[in-house]
Amino acid sequence: MASGGSKSAAFMLLLLNLGLYFVVTVIAAWAVNHGIERARESASVLSLPAKIFPIYFPVGNMATGLFVIFSLIAGVVGMATSLSGIMNVLEWDSPNLHSAAASSLVSWSLTLLAMGLACKEINIGWTEANLRTLEVLTIIVSGTQLLCTGAIHVGVGETVAAERPHAGRV
């Protein structure tokens, strides 16, 4: 029988990540909407190379466009992963935990990509408070997603070991 420690840790981290990914999605969606509404008048006064940049945002710097789009993608995928992961962790059997582990890795990799762009945007500098909040939340959720992925993988190891009690004995 598997211990309940990793199950409760994974469940609590999934709930935390669901809330964090929701906030990341809301802020990134606001930034996309703000960029769409204000990009036309802001980009019209720019010089030619910046005018043809396909992802221009009137707030932030030149890394903001990619960062906001990847944060939005990571937020939506992270919310879906957290919701399905909660259902899979509540079942706590090998097929469901393997599914939760795979989707958790995909979500973590997308979050790491958004975190790298957040670090680049911080390195370039000059962003508004809303974007700084999105940067900080993206960095925090990449850490909590790593912990959640680890807790789910510990659960996978426990359930696989519980299914094969004589494996490894000589």
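This report walks through the helices, packing and cores of one predicted model.

## Overall build

The chain has five helices and zero strands. Read from the N terminus, its elements run α-α-α-α-α. The chain holds 170 residues, and 41% of them count as buried.

Contacts tell us how the chain folds back on itself. Residues 24 or more positions apart account for 81% of them.

## How α4 meets α5

Helix α5 covers residues 129–163, and α4 covers 94–124. The two pack at an angle of about 155°, with their axes 8 Å apart. Angles over 145 degrees count as roughly antiparallel, so α4 is roughly antiparallel to α5. The crossing of α4 past α5 is left-handed. In this contact there are 19 nonpolar residues, 12 polar ones and three charged ones.

## How α3 meets α5

Helix α3 spans 64–91. It packs against α5 at an angle of about 35°, and the axes are 11 Å apart. Here too, α3 passes α5 in a left-handed crossing.

Which residues meet in this contact? From α3 come Thr-64, Phe-67, Val-68, Ser-71 and Val-89. From α5 come Leu-131, Leu-134, Glu-135, Thr-138 and Ile-152. Sorted by class, the contact has six nonpolar residues, three polar and one charged.

## The largest nonpolar core

The largest nonpolar core has 16 residues. Five of its members touch the most other members: Phe-67, Val-68, Leu-131, Leu-134 and Leu-137. Four helices, α1, α3, α4 and α5, each supply at least two residues of this core. Helix α1 runs over 5–43. The largest share of the core, seven residues, comes from α1.

Leu-134 shows how the parts come together. Set aside its neighbours within four places in sequence. Leu-134 is then in contact with Val-24, Ile-27, Ala-28, Phe-67, Val-68 and Ser-71. Among these partners, Phe-67 and Val-68 are also listed with the core members that touch the most others.

## A second core and Val-156

There is also a second, separate core of 13 residues. Its members include Leu-13, Ile-86, Leu-97 and Val-156.

Val-156 sits in helix α5. Is this residue buried or exposed? Buried means under 20% relative accessible area. Val-156 has 11% relative accessibility, so it counts as buried. Not counting residues up to four places away in sequence, Val-156 touches Leu-97, His-98 and Ala-101.

Trp-92 lies in the loop between α3 and α4. Most residues other than glycine have a negative phi.

Is Trp-92 buried or exposed? Trp-92 has a relative accessibility of 13%, so it counts as buried.

Technical notes
Residues are numbered from 1 along each chain as its sequence is written. This is a predicted model: local features need pLDDT of at least 70, side-chain atom pairs count only at pLDDT 80 or more; totals for chains, interfaces and linings use all residues. Side-chain values use heavy atoms; hydrogens and water are left out. Buried means under 20% relative accessible area, exposed over 50%, partly exposed in between (1.4 Å probe, protein chains only). Contact means heavy atoms within 4.5 Å. Axes are lines fitted to C-alpha atoms, for helices over the stretch in contact, and angles run from 0 to 180 degrees between N-to-C directions. Angles under 35 degrees count as roughly parallel, over 145 as roughly antiparallel, 65 to 115 as roughly perpendicular and the rest as oblique. A crossing is left-handed if the near helix is turned anticlockwise from the far one by less than a right angle, and right-handed if clockwise. Ala, Val, Leu, Ile, Met, Phe, Trp, Tyr, Cys and Pro count as nonpolar, Asp, Glu, Lys and Arg as charged, and the others, Gly among them, as polar. A nonpolar core is a set of buried Ala, Val, Leu, Ile, Met, Phe, Trp, Tyr and Cys residues joined through side-chain atoms within 4.5 Å.
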